[in-house]
Amino acid sequence: MAGLDDLPPLRDALAAHGLAAKKSFGQHFLLDLNITRKIARLAQLPEGARVVEVGPGPGGLTRALLETGARVTAVEKDERFRPLLEQVVAASGALTLVLADALAVDEAELTGGEAGHVVSNLPYNVGTPLLIKWLTGPWTPASMTLMFQKEVARRIVAAPGDSDYGRLAVVAQATSDAEIVMDVPARAFTPPPKVDSAVVRLTPRLDRPEPKRLEALQTLTAAAFGQRRKMLRASLKGVGGDLLLEGAGLDPQARAETIDVAGFLRLADAWLARG
Ligand code: SAM
């Protein structure tokens with residue numbers, strides 16, 4: 001029986017199926033197996049891991065994940081890739097293909113109740129909403145190894161006082177431990193995007209805030225960073241202002257960008273306690 005090693009090189013597979021990248025689907029492919037194998041290694045998957053990959057496209061990262069012995073469920077929105085990916089399904093035996101919008105799928109159903117790891121070279125246009133879904137939604141991945149535009153990667157790992165520090169950093173770091181594990185230059189992709197990228201590895205925290213606390217955190221960070229140049233007293237006026245800040249032990253004259261994640265969590269608790 002033909003195996004993964006018998007699959008044609010990715011460029012040949014794309015050409016054989018007459019496939020060109022579509023901008024509307026955020027398609028920038030990784031055709032260099034050295035890079036896809038490195039991403040698969042950085043994912044630090046346990047033996048026989050259950051992996052959800054968003055946007056397999058031509059299947060380079062998919063092949064690298066399958067080589068590690070992972071069982072992969074790949075969710076692809078672009079129907080054009082079906083015939084190409086079905087060849088990978090036939091060659092591997094450990095790949096399940098789901099033609100769907102990743103924003104709409106129920107990952108718990110896809111993983112059949114098993115712990116699942118997400119590994120993906122994310123489409124730029126839906127990268128942040130997908131991350132928010134995995135950080136705050138009902139299904140929590142065991143780990144996430146995700147390619148983002150570098151600027152988004154920096155916003156995920158930013159610390160208080162950094163110019164990139166904002167809502168995304170607070171929500172990401174309240175729910176997970178996050179670090180940039182690889183920089184990837186634009187030229188590594190086909191076609192190359194306008195900006196460089198980076199791989200971020202996120203491990204959900206055991207003390208992840210429960211849904212109500214997370215909801216409060218999202219409301220308050222939206223208000224605080226919506227007017228990031230203003231003092232918290234002013235930016236939080238509509239949601240409780242001084243009283244809330246006093247409850248959280250925060251200086252009303254401080255600005256959102258100086259408040260650490262623990263400070264925002266105290267603010268969320270004060271908001272929930274206000275009754
Ligand atoms: N994994 C491939 C690689 O590394 O070469 C392709 C990565 S490309 C940046 C993003 C992929 O996500 C494309 O295949 C695109 O069609 C797919 N995609 C875009 N939006 C999607 C969505 N909402 N749900 C699932 N897949 C999506």
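# Briefing: ligand site and selected residues

The ligand is surrounded by 20 residues, the closest being Gln27, Leu30, Gly55, Glu76 and Asn121; a residue is near a molecule if one of its heavy atoms lies within 4 Å of it. The model is predicted: local features need pLDDT of at least 70, side-chain atom pairs count only at pLDDT 80 or more, and totals for chains, interfaces and linings use all residues. Residues are numbered from 1 along each chain as its sequence is written, and side-chain values use heavy atoms, with hydrogens and water left out.

**Ligand contacts and cover**

- A backbone N or O atom of Leu30 is 2.8 Å from an oxygen atom of the ligand. A polar contact is a pair of N or O atoms within 3.5 Å; within protein, one must be able to donate a hydrogen and the other to accept it, and residues adjacent in sequence count only if both atoms are side-chain atoms.
- Ala102 has a backbone N or O atom 2.9 Å from a nitrogen atom of the ligand.
- For Pro56, a polar backbone atom lies 3.4 Å from a nitrogen atom of the ligand.
- On its own the ligand has 600 Å² of accessible area, and the protein covers 99% of that. Accessible areas come from the Shrake-Rupley method with a 1.4 Å probe; for residues, only the protein chains shown count as cover.

**Pocket and shell**

- The largest pocket holds the ligand. A molecule sits in a cavity or pocket if more than half of its atoms lie within 2 Å of its grid points.
- A pocket is found on a 1 Å grid over the protein atoms alone, as an open set of points where a 1.4 Å probe fits, with protein on both sides within 12 Å along at least five of seven lines; in a cavity the probe cannot get out, and lining residues have an atom within 4 Å of a point.
- Strand E1 (29-30) and strand E3 (71-76) are the elements that give two or more residues to the shell around the ligand. Helices (H or I, at least four residues) and strands (E, at least two) are DSSP runs, numbered from the N terminus.
- The shell has nine nonpolar, six polar and five charged residues. Ala, Val, Leu, Ile, Met, Phe, Trp, Tyr, Cys and Pro count as nonpolar, Asp, Glu, Lys and Arg as charged, and the others, Gly among them, as polar.

**Buried helix residues**

- Ala64, in helix H3 (residues 60-67), is buried at 2% relative accessible area. Buried means under 20% relative accessible area, exposed over 50%, and partly exposed in between (1.4 Å probe, protein chains only).
- Val171 belongs to helix H8 (residues 167-175) and is buried, at 3% relative accessibility.
- Leu265 is part of helix H12 (residues 261-273) and counts as buried at 15% relative accessibility. Leu265 and Leu220 are 45 residues apart in sequence, with 9.6 Å between their C-alpha atoms.

**Loops and backbone geometry**

- Ser24, in the loop between helix H1 (10-16) and E1, is exposed with a relative accessible area of 56%.
- Gln44 is in the loop between helix H2 (33-42) and strand E2 (50-54) and is exposed at 56% relative accessibility. Phi of Gln44 is positive, near 50°.
- Pro191 lies in the loop between strand E8 (189-190) and strand E9 (197-204). The peptide bond from Thr190 to Pro191 is cis, with omega near -10°.
- Most residues other than glycine have a negative phi, and most peptide bonds are trans.
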